[in-house]
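Reader: I would like to go through this model with you. I will ask what each label rests on.

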Amino acid sequence: MWWLVGYVGCSTTPRNAKVYTSGKDQIRLVKGLNSFICSLPSHCGAGMKIQISAS
Ligand SMILES: [Cu+2]
């Protein structure tokens, strides 16, 4: 499951992952696990990431 590997390892692959940059984006969650990481250097490794389980 690439998204879990990417989340745990702070990988920004696959390249088709959507990037949000406005600072006020609204995101409709999908059912199941929604993973978000910050792609700025060293941010994700410092803990700037979140996972949301939607039912
Ligand atoms: Cu960040």
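Author: C38 is found in the loop between β1 (32–37) and β2 (49–54). Strands here are DSSP runs of E, at least two residues long, and helices are runs of H or I of at least four, numbered from the N terminus. This is a predicted model: local features need pLDDT of at least 70, side-chain atom pairs need 80 or more, and totals for chains, interfaces and linings use all residues. Residues are numbered from 1 along each chain as its sequence is written, and side-chain values use heavy atoms, without hydrogens and water.

Reader: What is C38 in contact with, leaving aside its neighbours within four places in sequence?

Author: Contact means heavy atoms within 4.5 Å. On that basis C38 touches H43, C44 and M48. As for I50, it is 12 residues from C38 in sequence, and the C-alpha atoms are 9.1 Å apart.

Reader: What makes residues protein donors of the copper ion, and which are they?

Author: Donors are N, O and S atoms within 2.8 Å of the metal (3.2 Å for Na, K and Ca). Water is not among the atoms, so the site may look incomplete. C38 (SG), H43 (ND1) and M48 (SD) lie 1.9 to 2.0 Å from the copper ion, and these are its protein donors. Their spacing in sequence is C-x4-H-x4-M.

Reader: Why do H43 and M48 get their accessibility class?

Author: H43 has 28% relative accessibility, so H43 counts as partly exposed. M48 has a relative accessible area of 46%, so M48 is also partly exposed.

Reader: How do you know that C10 and C44 form a disulfide?

Author: A disulfide is a pair of cysteine sulfur atoms within 2.5 Å. The sulfur atoms of C10 and C44 are 2.1 Å apart, and the two form a disulfide. The structure holds one disulfide. This pair links distant parts of the chain, 34 residues apart: C10 sits in the loop between α1 and β1, C44 in the loop between β1 and β2.

Reader: What makes the disulfide of C10 and C44 left-handed?

Author: The torsion about its S-S bond is about -75°, so the disulfide is left-handed.

Reader: Why do C10 and C44 get their accessibility class?

Author: C44 has a relative accessible area of 4%, so C44 is buried. C10 has 23%, so C10 counts as partly exposed.

Reader: Which value does phi of C10 take?

Author: Phi of C10 is near 55°, a positive value in a residue other than glycine. S42, not a glycine either, has a positive phi of about 70°. S42 is found in the loop between β1 and β2. At 63% relative accessibility, S42 counts as exposed.

Reader: How do you know that K49 lies over the face of Y7?

Author: A charge sits over a ring if NZ of Lys or CZ of Arg is within 6 Å of the ring centre and within 35 degrees of the ring normal. K49 lies over the face of Y7, at 4.6 Å from the ring centre. K18 lies over the face of Y20, at 5.2 Å.

Reader: Which elements have the lowest and the highest mean pLDDT?

Author: pLDDT is the predictor's confidence in each residue, from 0 to 100. Helix α1 (residues 2–9) has the lowest mean, 70, and β2 the highest, 93. The chain averages 84, and 84% of the residues score at least 70.

Technical notes
Buried means under 20% relative accessible area, exposed over 50%, partly exposed in between (1.4 Å probe, protein chains only).
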